[in-house]
Amino acid sequence: MKVCVFGGAGFIGSAIIKCLLKNGYEVAALVRSQQKGIGLAQMGVAVKYGDLQNREDIRKALNGSQIAINASVPNYQGRLALGRVRHYRKGPYDLYQEHP
């Protein structure tokens, strides 16, 4: 079974990928740069290059997958203060709402 992991180059995503590979799953991951994809490719992950803000990149990454896991977070352009996000970039589907 093929699983596509978004955010696979991050701390949580890479742990998820290691667990999936250990349990025999075929894994694909969408990453923004070749530098982030090198370690995943060495682990046996099918690395797809693109951006979560581009729907076509998402479709390409998901191609052939039966399961999708989203371990990504928005690319914040601000600072975290008291556990709340002051500035943010909206995701591909405008799911993120600004906190006061």
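Analyst: Glu 56 and Arg 59 both belong to helix H3 (residues 55–62), where three residues, about one turn of the helix, separate them. Helices (H or I, at least four residues) and strands (E, at least two) are here DSSP runs numbered from the N terminus. The model is a predicted one, in which local features need pLDDT of at least 70 and side-chain atom pairs count only at pLDDT 80 or more, while totals for chains, interfaces and linings use all residues. Residues are numbered from 1 along each chain as its sequence is written, and side-chain values use heavy atoms, with hydrogens and water left out.

Glu 56 and Arg 59 form a salt bridge, their closest N and O atoms lying 3.3 Å apart. The term salt bridge denotes a side-chain nitrogen of Lys or Arg within 4 Å of a carboxyl oxygen of Asp or Glu. Side chains of opposite charge can pair when their charged atoms come close. The structure holds one salt bridge. Glu 56 is classed as partly exposed because its relative accessible area is 39%; buried means under 20%, exposed over 50%, and partly exposed in between (1.4 Å probe, protein chains only).

Lys 2 is buried and has no salt bridge, the nearest side chain of opposite charge being that of Glu 26 at 4.5 Å. In this assignment Lys and Arg count as positive and Asp and Glu as negative, whereas His and the chain ends are not counted. What does the side chain of Lys 2 reach at 3.3 Å? The backbone oxygen of Asn 63 lies at that distance from the Lys 2 side chain, as a polar contact (a pair of N or O atoms within 3.5 Å; within protein, one must be able to donate a hydrogen and the other to accept it, and residues adjacent in sequence count only if both atoms are side-chain atoms). Leaving out residues up to four places away in sequence, Lys 2 touches Glu 26, Ala 28, Asn 63, Gly 64, Ser 65, Gln 66 and Ile 67; contact means heavy atoms within 4.5 Å.

Of its 100 residues, 28% count as buried. Among contacts with a separation of 6 or more, 45% come from residues 24 or more positions apart.

Leu 30, in strand E2 (residues 26–31), is buried, given its relative accessible area of 7%. Beyond its neighbours within four places in sequence, Leu 30 contacts residues including Val 5, Phe 6, Gly 7, Tyr 49, Gly 50, Asp 57 and Ala 61. The C-alpha atoms of Leu 30 and Gly 7 are 7.2 Å apart, although 23 residues separate the two in sequence.

Gly 50 occupies the loop between strand E3 (46–49) and H3. With a relative accessibility of 14%, Gly 50 counts as buried. Outside four places in sequence, Gly 50 touches Leu 30, Val 31, Arg 32 and Asp 57. Its C-alpha distance to Val 31 is 5.9 Å across 19 residues of sequence.

Ser 72 lies in the loop between strand E4 (67–70) and strand E5 (80–81) and is buried because its relative accessibility is 19%. The side chain of Ser 72 makes a polar contact of 2.5 Å with the side chain of Asn 70. Apart from neighbours within four places in sequence, Ser 72 is in contact with Phe 6, Gly 7 and Leu 52.

Phe 11, in helix H1 (residues 11–22), is exposed, since its relative accessibility is 74%. Phe 11 and Ala 71 stand 60 residues apart in sequence and 9.2 Å apart from C-alpha to C-alpha.

A search of the whole structure finds zero disulfides, a disulfide being a pair of cysteine sulfur atoms within 2.5 Å. Cys 4 is buried at 0% relative accessible area, and Cys 19 is partly exposed at 44%.

As to confidence, pLDDT, the predictor's confidence in each residue from 0 to 100, averages 79, and 73% of the residues score at least 70. Over residues 78–100 pLDDT stays under 50, and for these the model has 30 contacts beyond four places in sequence.
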